[in-house]
Each structure stands twice: as C-alpha cells, then as structure tokens.
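Please keep the sequence and the coordinates at hand while reading.

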Amino acid sequence: MPPTDVTTLIRTELPRLAGSLRKVGELILEDPAAVTHCSAAELGRRTGTSQATVTRFCRAIGLDSYQHLLIELAQERGRGEVSDWGTAEIGPDISPDDSLERVVQVVGTADLRAIQQTIDRIDLDALERAAQALARARRIDVYGVGGSGAVTQETETRLFRIGCSVRGWTEVHAAATSAALLTPADAAIGISHSGATRETLEPFEMAKERGATTIALTTDPRSPLSRTADIRLISSSSETSFRAESISSRHSVLMLVDCLYVRVAQLTYQRASASLALTDHITPQHAVKSRRAR
C-alpha cells in the first residue's frame, strides 16, 4: 500500500459499507491514533459490534487482517509527525470563530497533503502508458461533469496547446455522440471524483466499446469508472469544513493532468514545441498596456 493511504482508503470505501462495517470505519476515522492502541475485540466493543465484524471490515477495504490495519495506521501517523508538507496538530475542522490565519493553515495543509498523497500513490507504469496512448492518439475525448467538468476543460486546454486533437465534453448527449464516433486509434479520458457519475461513465463505456484506449482519473480505484478503464490514475483528497472531498480533490487531479501534459509534450517534442512556438505570442498580444498617469 502506498504511504499515507489507509485513511484515504477508508474514506473512499466508507460510502459502500453499511451497518456495522460502516460504524467501524467511522470510529477509525474519528480517532486513528486511539485505534492503534485497541485490540480488535476492544474496537468491536467500542463500536457496538464484534471482533469478527472488525476483521470483516479490514477485509472489506482490502487489508489482510486487523494487525495489517494497525501497522498502516501507525506508519501513517509517524509520517505525519515528521512530514514537511503538513503538521499533525492542524486538523480539518474550521469553526465560525477561527481566525483567517487558521483557515489558511488548514486549507493549505489539506491541499498539500492531498497532492503529496497523490504523488506517493502514483503508478508510474500506468502514467507512462496513459501518456503514450495520448501521444499517439488520432483523437482524444475528455469526459467530466459538475466539478470534474472544470478539470475536463483544463485538460483540453493543456493538451490542445501542444498540438493534440482533443475535445472536452461536459454534456452527456454530446459526449456520448462523440464517443460513438471513436475508433481504436483514439483515446478517452474519464474524470470523476467518485468514479460513479453516470453522465461520465456512459460515454466512457461507449468509448471502450468502440475500441479507444480508456484512461480513468478518480479517487476510487474500485469504482465503475476504474473497472471500465484500460488505465487508472488515482488521486487523493483531504476534506476540510465547508469543502467536500470532491472539491478538495481538484488540486491533486490537476497535478495528475499536469504530469500527463508534460510527459505527452516530451513524447511529442517536435510537435509540442512547434505548437507552443506558434501560439506563445497570443496571450501577450491581448494584455492591456498600462497608461502613465499625467
């Protein structure tokens, strides 16, 4: 398991867990440090469940045993205490009376943590395969709605700038129409925090059926989007008050997009360089020139 990943894993899996298993996950997230001092039987008592339920919870989130969970929690806590990108004493909660300084600390720390967690868990082989697929693609579709729609447009902007034939789709009917016209020479990127948004999944599945190489960007490696994809790139998020995970994950998703963009530019160096050279003058030409006061 990649570093700092176990609490993120639990948050990801929690919506799919019900009843007693969900209770175990919620208590662990409430106080991970305290759980490291509990036996499975004690944790079962504290959650009103049982030792067997705690063991089933561990297996439900992909861990071998309760001992495995304790090891991961302890290691994550140790990394947090020595990390340069976050401090253990700054939690995610922001109250109405908190100072602006604390708001900046909490939000900044959460975003830095999410980006670092994403870096820690990047599958470099998957990233390389995704970049190779985009570099050779005849055409690239990008699908995403809602908050992911903004990332979809950013992805289109980056890849278009280096000469890729790319289009971002944020409306399901247009996205499905485009997906139906793809071929095995093409690639499709699906962007969804949950990995279960129907408006993104529908054209993504159609692109897969048409033979295009499909690349998923999501926080959930077990989601329908991940299962459909040929290549999966997993990001992290770090919640704070007033910011749901889908909002806080956007920085780490954009970091993945930037990694893809730069790698594709490397792989298509001549085309990318020529495209940038032809367009570099456009933004400066539209800058408003300042006037000297008289």
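This is a predicted model: local features need pLDDT of at least 70, side-chain atom pairs count only at pLDDT 80 or more; totals for chains, interfaces and linings use all residues.

Residues are numbered from 1 along each chain as its sequence is written, and side-chain values use heavy atoms, with hydrogens and water left out.

**Salt bridges**

- The structure holds 11 salt bridges, a salt bridge being a side-chain nitrogen of Lys or Arg within 4 Å of a carboxyl oxygen of Asp or Glu.
- E128 pairs with R263 in a salt bridge whose closest N and O atoms are 2.8 Å apart. Since E128 lies in helix 8 (residues 124–136) and R263 in helix 14 (residues 250–267), the pair ties together parts that are 135 residues apart in sequence; helices here are DSSP runs (H or I, at least four residues), numbered from the N terminus.
- E128 is partly exposed at a relative accessible area of 24%, and R263 is partly exposed at 26%, where buried means under 20% relative accessible area, exposed over 50%, and partly exposed in between (1.4 Å probe, protein chains only).
- R102 and D98 form a salt bridge with their closest N and O atoms 3.3 Å apart; R102 is partly exposed, with a relative accessible area of 25%, and D98 is partly exposed, with a relative accessible area of 25%.
- In the salt bridge between R139 and D141, the closest N and O atoms are 3.8 Å apart, and D141 is buried, with a relative accessible area of 0%.
- A network of salt bridges links E154, R158 and D258.

**Negative patch**

- On the surface, E199, E202, E205 and E209 gather in a patch of negative charge; such patches are made of residues with over 30% relative accessible area and no salt bridge, like charges being joined within 9 Å, and the place of a Glu charge is taken as CD.
- E205 has its place in helix 11 (residues 198–209) and is partly exposed, with a relative accessible area of 34%.

**Helix 5**

- T53, V54, F57 and C58 are buried in helix 5 (residues 51–60). These residues cover an arc of only 145° around the axis, which puts them on the same side of helix 5; the arc is that of the directions from the helix axis to the C-beta atoms.
- G62 follows helix 5 and has a positive phi, near 95°.

How values were computed: Helices (H or I, at least four residues) and strands (E, at least two) are DSSP runs, numbered from the N terminus. Patches are made of residues with over 30% relative accessible area and no salt bridge: like charges are joined within 9 Å, nonpolar side chains (Val, Leu, Ile, Met, Phe, Trp, Tyr) within 5 Å. Accessible areas come from the Shrake-Rupley method with a 1.4 Å probe; for residues, only the protein chains shown count as cover. Lys and Arg count as positive and Asp and Glu as negative; His and the chain ends are not counted.
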